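Subject: Structure handover

Hello,

I am passing on the structure below, followed by notes on what was found in it. Please read the notes with the structure open.

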Amino acid sequence: KWLRAHDVSFDDRAIVDAPPTVDELKKWIGASGLPIQKWLNTSGLSYRALGKEKIQAANEATLLQWLSNDGKLVKRPVLVHGGKVLVGFDEAKYRALFE
């Protein structure tokens, strides 16, 4: 919505229908500078189905596999622009990237 309002062209990918691959996730998570736990959609049904305890006990490889298998588990939106990656919407970060 923000991108459209600011006339920023983009390719839209429905990651629920086409989840990111493990390789994409590794690249994006590294570029975002965030720990993998910040990539989890903690308010979603997939997160609740797995359970907080199981997720907290999982190693990074397991989390990557879960995220790549279930796009609903990925926090959205994910914005990949050049070498920068933003996860979740933060208007100040979007402005800084595009203005």
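Two strands are taken to pair if DSSP finds at least two bridges between them. Please keep in mind that this is a predicted model.

Strands first. Strand S1 (residues 78-81) and strand S2 (residues 84-87) run antiparallel and are joined by 4 bridges. Val 80 has Val 85 as its bridge partner in S2. The hairpin of S1 and S2 has 2 residues between the strands, and Gly 82 takes a positive phi near 60° there.

Next, the aromatic rings. A search of the whole structure gives 3 aromatic pairs. One of them is a tilted pair of Trp 2 and Phe 98, with 6.3 Å centre to centre and 40° between the planes. Trp 2 belongs to helix H1 (residues 2-5) and Phe 98 to helix H6 (residues 91-98), so this pair ties together parts that are 96 residues apart in sequence. Trp 2 counts as buried, at 10% relative accessibility, while Phe 98 is partly exposed, with a relative accessible area of 25%.

Phe 89 and Tyr 94 also form an aromatic pair, and this one is edge-to-face: the centres are 4.8 Å apart and the angle between the planes is 65°. Phe 89 is partly exposed, with a relative accessible area of 45%. Tyr 94 is buried, with a relative accessible area of 4%.

Through ring pairs, Trp 2, Phe 89, Tyr 94 and Phe 98 are linked into a cluster.

Regards

Notes. Residues are numbered from 1 along each chain as its sequence is written. This is a predicted model: local features need pLDDT of at least 70, side-chain atom pairs count only at pLDDT 80 or more; totals for chains, interfaces and linings use all residues. Side-chain values use heavy atoms; hydrogens and water are left out. Rings of Phe, Tyr and Trp (its six-membered ring) pair if their centres lie within 6.5 Å; planes under 30 degrees apart count as stacked, over 60 as edge-to-face and the rest as tilted. Buried means under 20% relative accessible area, exposed over 50%, partly exposed in between (1.4 Å probe, protein chains only).
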